[in-house]
Amino acid sequence: MTGQWIFLGTLFVVLCIEQNFAAQVSIGAMFGEETGDGDRYKNIIRDAIQSINQNVSYLSDLHLATISELKLTTEYTYSAIQDICNTMVRERRLTAMIVPEDICKTCRDVAGVASHASMPIFGLDQGSLNSGSVAFKMYPSPEDVGQFLIEILDYFKWRDFIVIYDYEEIFRNLEPVISAGNMYDWNITSRQLTNDNFPFLAEQLREGRVKNILLYTQAETTTYNILQQAMKLGVMSSGYHWVLANIGVFIDRTFLERISLNQVYLTRFTLNYTQELNYAVPTTINVPLRDWPFRERLAFDSVIAIGHGVRRYRERVMQQDPGLPEFTILPGDTIMRECPSDRSPPPESPLSNDLQYYNFEGLSGNVAFGENGNRVNYSIMVISGQGETIEQIRGEWAQNIEFWEDRWKSQWRSNTRMSVDAYRQASERILKIVSIEQPPFLRLTQYDTDDDDRPVIIDNPDRNPNPIGNERFEGYIMDLLKEIQNVIPADKFEYEVDLVSDNKYGSRNLFSNEWTGMIGEIIRGRADIAAGPLTITEDRDSFVDFSIPFMRSGIQVLIKHPSFVHEYPFSMMYPFGVEVWFLNAFAMAMFTLMMYCVNKMNPSEWRALAENGDVYEENADNFNLRNSSWFSVSTMFLQSYDASPRSHAGRVLTGFWWVFCLIMVFLYGLNLSPYMTASKKAAFIRTAKDLLEQIQVNYGCVKEGSTYDFFKNSTDPDYQRVWGYISTAYPDPLVDFVSDGVRRVRESNGDYAFLAESAILKYEAYRKPCDLLITDGFITRSMYGFAVQAGSPLRDQLSYAIEKLYEDGTMDKLEQRWFDYNSDCERETLWERQGLYSLTAVDLQGVYYLMLIGVGCALMVYFIELLAFMLMPPSPTRRGQQTSRERFPADKNEYYLYGSSDDGQTYA
């Protein structure tokens with residue numbers, strides 16, 4: 001009987017001890033402005049404690065975890081530490097404490113400061129860089145976050161971006177990023193959020209050219225609110241790329257769909273966690289675990305981490321003293337030490353090492369702690385995309401690569417801690433690149449070498465006779481993509497090139513607002529990159545994003561080389577109209593006839609004098625029909641003559657004839673040059689004004705191409721006049737393809753000029769038969785770039801690669817290889833090049849033909865005279881009769897007879 005009472009007494013004592021000890025296993029939870037708003041955060045802490053109590057692996061049946069709560073909101077660090085040390089640690093005898101940042105938003109890492117007073121302290125927020133905190137950080141340490149942001153920004157290859165932040169303490173955490181800006185050539189602009197100033201910042205974003213935005217705030221709720229305002233103010237739309245630096249920002253499904261419809265490119269991060277755990281955790285919160293904000297996940301996991309620490313403490317003590325009763329291990333051994341009253345460091349908590357022992361999978365991913373309480377062995381998932389791909393996982397950043405490989409039994413896919421795939425419209429790992437067939441930028445490899453329209457640029461004897469995939473193409477673009485792949489790792493830049501179906505560059509229908517060609521493929525999401533001689537225009541840039549230019553070109557004019565233009569041989573006759581030539585011939589005939597009549601009828605002329613014996617007999621024929629004709633011809637061309645009229649009437653007539661001849665000759669000479677150099681006028685076209693001022697040559701371009709769009713959308717008056725001509729001229733000066741325009745120039749005999757980018761024209765002009773010419777000067781300058789979807793990070797990646805290729809000289813080598821190849825057309829002599837500006841045999845062929853005609857006519861007349869001389873009977877002169885000149889010898893230049901008068905004077 002006595003033994004039974006002893007047993008019952010012992011059992012009662014044990015039960016009392018159990019109750020006493022269980023009440024002392026207390027976990028402190030502080031609540032601030034946001035965490036203390038409502039009961040949700042409190043209920044999550046309670047659910048986590050309930051989970052510990054239900055699992056005997058954490059605590060024995062003799063122990064019970066409880067929560068000790070305190071709501072605090074202050075603006076001073078000292079006040080917060082006083083409440084932590086006095087109210088929580090000293091009075092409530094806690095095992096561990098959870099401290100959110102919102103109890104003092106203006107404080108710098110309040111959990112880190114409290115960790116130097118007592119331990120263990122669990123922090124749920126970002127903390128502060130280089131603060132020396134030894135608190136157990138549920139959020140990745142600022143040092144790790146800074147390194148991660150550097151690597152993600154380097155992956156996106158941003159050059160210019162804006163940092164938006166709220167508190168100075170948060171901006172200090174970005175110090176590694178700001179410092180890395182010099183190394184990576186980043187142009188960083190910072191903007192701080194204050195009370196209701198975001199609309200002003202949004203206006204700056206709309207007006208500025210920088211569309212890359214890094215948003216970093218103290219609380220994820222602030223980030224969410226900023227995103228909502230940005231949506232309303234129009235700065236979360238196509239063309240913008242937002243990176244949310246806060247890890248695990250929760251965005252509800254409805255708002256995410258709205259973001260998706262706006263086509264903004266959004267990049268966000270979350271810790272990698274096992275989703276199956278969401279269905280195994282009991283909770284009273286009527287919200288799916290996947291929709292919990294990140295801070296709530298961290299709060300739940302911090303309680304579980306405390307449970308694992310207590311579990312490890314019990315196991316360690318029992319291993320050291322196996323005979324020790326289990327109920328004596330807890331709870332008094334693990335109570336937080338009181339805060340020191342001086343500057344001496346606080347005594348180490350018995351749980352500190354035990355909290356670092358276990359790795360476990362929580363709601364926020366793998367939970368483990370390393371040196372100074374930093375979270376380790378986690379990985380960050382990169383979720384990045386736009387439109388339908390906005391929730392696509394692009395890659396992962398591993399805090400510990402060795403742990404990741406051991407956990408997943410797989411090889412890490414990158415040389416760095418960042419393993420991110422290139423942005424793609426599809427889920428495959430291959431980028432889809434769309435291009436257009438335009439040698440030498442891109443052409444099919446199966447071209448026939450004998451086909452003049454598709455000549456081989458560079459022969460490759462090792463060419464695959466049956467190419468597939470990217471082997472189907474060759475050219476400048478293909479080589480450039482290979483070089484870009486050398487800059488961007490191949491595993492992040494795998495691509496497949498295909499031709500655009502409609503073989504167009506891309507233009508916008510003003511009525512339907514739909515785009516054609518390569519630009520349309522990008523906008524509709526059917527391709528990731530448009531690569532080709534795609535001109536960067538203002539209209540295109542408002543719908544897609546362009547990389548920095550990989551080539552600078554300009555619109556030039558392609559014409560038929562003047563030396564190959566077949567003009568009318570007798571174009572020298574063009575200065576006068578046909579009727580003028582006939583009138584001039586009639587005037588010369590009338591002059592000849594009148595001179596003949598004057599000589600025949602006027603008593604003062606040569607014929608009358610000869611009949612009177614005053615001059616030689618031969619002088620009577622000085623102005624017969626034949627000699628009058630010769631006189632009119634010789635004087636017309638300002639040559640000398642044998643005799644001049646003697647009478648006043650003849651001299652008056654001759655004077656007016658000379659005036660007539662002078663006027664006609666000088667008018668002809670002044671108007672001859674334009675007709676002799678008509679084929680060369682097009683060679684001097686350099687500007688749009690030159691095009692407009694000439695009327696001899698029609699001009700056009702590729703329909704719906706970049707040149708077409710340039711003139712169509714330009715507001716310059718001269719360019720508008722050019723557009724008015726090419727859009728209304730008949731016959732239609734527009735062509736469907738560049739090859740059609742080149743062919744039309746060749747076949748037009750100088751009547752058609754083709755406007756296109758100089759890089760394409762050079763390739764066409766510097767090939768046999770060398771009958772084309774590119775005029776000097778540029779109508780306008782243009783640039784070629786890669787087009788990607790608005791906001792796509794591929795823009796910055798491609799721009800970064802192109803910059804690197806420019807720096808090492810690769811771009812110059814590529815351009816020299818494909819555009820500066822040896823050409824027979826460039827091997828011209830000085831005289832051949834000068835022929836473009838001087839008169840050549842081609843220009844003067846009519847003159848030579850006229851001379852040949854004259855020679856032919858002279859020979860014909862010679863043979864007629866010779867035949868007549870041989871057939872006609874001998875004249876008296878031929879029989880040897882003495883002429884009057886022989887009877888009256890005189891000076892060879894004297895036409896008159898000499899005698900003397902009665903007074904002895906000499907007369908003629």
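These entries record what I looked up in a predicted model of one protein chain.

**Entry 1: the chain as a whole.** I began with the secondary structure and found 30 helices and 29 strands in the chain. I then looked up burial: of the 908 residues, 49% are buried. For the accessible surface I noted about 44,900 Å², with 53% of this area belonging to carbon and sulfur atoms. I also looked up how far apart in sequence the contacting residues lie. Among contacts with a separation of 6 or more, 72% are between residues 24 or more positions apart.

Entry 2: I turned next to an open sheet of five strands, whose pairing is parallel. I read its strand order as β2-β1-β3-β4-β5. Which strands stand at the edges? I found β2 (66-71) and β5 (136-137) there; each has a single partner strand, so one side of each lacks a neighbour in the sheet.

**Entry 3: the pairing of β1 and β3.** I examined strand β1, residues 26-31, and strand β3, residues 96-99, which run parallel and are joined by three bridges. Within this pairing I located glycine 28 opposite methionine 97 of β3.

**Entry 4: helices on the sheet.** I asked which strands helix α3 touches. Helix α3, residues 77-92, packs on the sheet and touches β1, β2 and β3. I recorded an angle of about 155 degrees between the direction of α3 and that of β2. Helix α11, residues 294-320, also packs on the sheet, where I found it touching β1, β3 and β4 (121-123). For α11 I recorded a direction at about 165 degrees to that of β3.

Conventions. Residues numbered from 1 in each chain as written. Predicted model: local features only at pLDDT ≥ 70, side-chain atom pairs only at ≥ 80, totals over all residues. Heavy atoms only, no water. Helix = DSSP H or I, 4+ residues; strand = E, 2+ residues; numbered from the N terminus. Buried < 20%, exposed > 50% of the residue type's maximum accessible area, 1.4 Å probe, protein only. Contact = heavy atoms within 4.5 Å. Areas by Shrake-Rupley, 256 points an atom, 1.4 Å probe, with all protein chains shown as cover. Pairing = 2+ DSSP bridges. Axes fitted to C-alpha atoms, helices over the stretch in contact; angles between N-to-C directions.
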